[in-house]
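Biologist: I would like to learn how to read the features of a model. Can we take them one at a time?

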Amino acid sequence: NENQAGSKISYSPAKDFTGKDSIGITISGTQSFQSIIVVKDSASYKRIKDSIPKGSWLVVSNSSKSYVPVQLTSGKKIDRISAAPSHGNASITALNEIADLLKLLTTIFLRLVQMIIAPIVFATLVVGIAKLGDMKTVGRVGGKAMLWFITASLVSLGLGLILVNIFKPGVGVDIHNTDMAAVSDLLEKSKGFSLQKFVEHVVPRSVFEAMADNEILQLVVFSVFFGVALTAIGKKGEPIVNALDSLSHVVLKMVGYVMYLAPLGVFGAMAAAIAKNGLGILITFGYYVGEFYLGLAVLWILLLFVGYLFLKGRLKTLVRRIAAPMSIAFSTASSEAVYPKLVEEMERFGCDNKIVSFVLPLGYSFNLDGSMMYMTFASMFIAQAFNITSITGDVSQQIIMLLVFLVTSKGIAGVPRASLVV
């Protein structure tokens with residue numbers, strides 16, 4: 001039976017849990033329950049393995065493994081998990097394998113995008129600074145851009161906080177099917193924020209390490225220093241500027257080839273999620289996503305209003321130019337996937353190449369309004385779902401949390417779905 005599709009269940013207990021657990025399963029239309037005993041370590045496993053009730057699974061804490069239900073007889077298969085375990089996470093192994101295979105399409109597409117993002121950010125930002133020429137111009141343009149970025153970020157965070165407290169999407173959510181292994185991994189990655197870690201995230205130790213890890217913010221810091229130094233040496237630096245300008249055009253051409261795979265990448269991501277969690281996952285989070293999209297719509301209205309104050313009738317042309325890149329960014333959950341195309345469209349709109357090449361990479365590190373609104377919704381959703389009253393009932397704690405997001409979110413455009421880790 002072990003090689004039969006749907007004949008095994010992957011089970012991982014909650015972190016550090018020991019004791020009894022159970023899983024409800026439906027086999028060929030008949031529902032039954034599989035008993036589970038979780039022990040602390042391998043020594044405990046060896047000591048009691050011969051004395052446990054027949055048919056029970058004996059599991060070591062903090063491990064993940066696939067098991068065959070005792071109720072499964074020849075010629076039958078597991079239809080579904082009808083009742084999730086109370087102290088862990090379970091899924092049908094065959095569906096996990098299918099989901100992993102489908103997810104490969106998304107992995108291939110996003111890795112190809114990540115392959116080219118570092119050279120194009122470096123090339124366009126250095127060329128943009130070099131073409132601006134005068135250091136006073138760099139400071140003036142950069143100062144105005146940063147003022148707008150910080151203002152827009154605060155508006156996004158504040159709007160998200162207001163809406164999530166009005167809608168309360170996490171209240172009453174069933175958390176029994178939570179993937180505790182994924183949650184534990186997420187908490188491990190995101191805990192322990194400090195000023196020292198933030199500085200390490202901003203200041204590069206090696207430009208090659210920053211490129212290899214796609215640390216966009218570190219690349220921006222290095223590129224600004226490199227561009228300023230290149231401008232300072234005058235004509236001696238012109239060959240390097242021309243070479244980097246040519247490099248940016250080559251990488252833009254590569255992006256065109258990679259974008260042909262965008263539909264496959266989106267298909268793989270959606271199909272994998274449905275295969276692993278079932279169609280019910282779409283219903284479970286439908287309200288949450290809908291309310292978040294409503295928040296994004298309100299944010300877009302505010303941004304378009306500000307844009308109209310400056311652009312007047314040309315705003316429609318700008319929206320048409322960025323519509324295609326934004327749809328790709330939305331469907332792949334990665335704004336870095338459209339960076340090269342966005343540079344091209346902004347230049348076609350009439351923006352000066354040197355301004356675009358300087359401001360756009362900065363925006364990718366400092367002006368991620370949608371991601372910051374998502375972090376507000378997601379964090380409050382989790383706090384409401386788990387009834388963490390120290391956050392949901394204290395506005396001052398919520399404001400502190402938003403200020404932390406404002407700092408820690410810088411540079412997350414380099415990693416698809418990086419808002420989850422932040």
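Biologist: Is Arg205 buried or exposed, and what is its relative accessibility?
Modeller: This is a predicted model. Arg205 counts as exposed because its relative accessibility is 72%, and the cut-off for exposed is over 50%. Its side chain meets that of Glu209 in a salt bridge, 2.8 Å from N to O. Glu209 is partly exposed, at 30%.

Biologist: How many salt bridges are there?
Modeller: The count is six. Some of them join up: Arg321, Lys341, Glu344, Glu345 and Arg348 form a network.

Biologist: How far apart in helix H13 are Glu344 and Lys341?
Modeller: Start with the general idea. An α-helix has 3.6 residues a turn, so residues three or four places apart point the same way. Now the case here. Glu344 and Lys341 are three residues apart in H13, about one helical turn. Their salt bridge is 3.9 Å, N to O. Arg348 and Glu345 are also three residues apart in H13. Their closest N and O atoms are 3.7 Å apart.

Biologist: How do I read aromatic rings?
Modeller: A pair of rings is described by the distance of the centres and the angle of the planes. This structure holds seven aromatic pairs. Ring pairs link Phe292, Tyr293, Tyr374 and Phe377 into a cluster. Phe292 is also one of the buried residues of helix H11.

Biologist: What lies over the face of Phe349?
Modeller: Arg314 does, at 4.2 Å from the ring centre.

Terms used:
Residues numbered from 1 in each chain as written. Predicted model: local features only at pLDDT ≥ 70, side-chain atom pairs only at ≥ 80, totals over all residues. Heavy atoms only, no water. Buried < 20%, exposed > 50% of the residue type's maximum accessible area, 1.4 Å probe, protein only. Helix = DSSP H or I, 4+ residues; strand = E, 2+ residues; numbered from the N terminus. Phe/Tyr/Trp six-rings, centres within 6.5 Å; stacked < 30°, edge-to-face > 60°. Lys NZ or Arg CZ within 6 Å of the ring centre and 35° of its normal. Salt bridge = Lys/Arg side-chain N within 4 Å of Asp/Glu carboxyl O.
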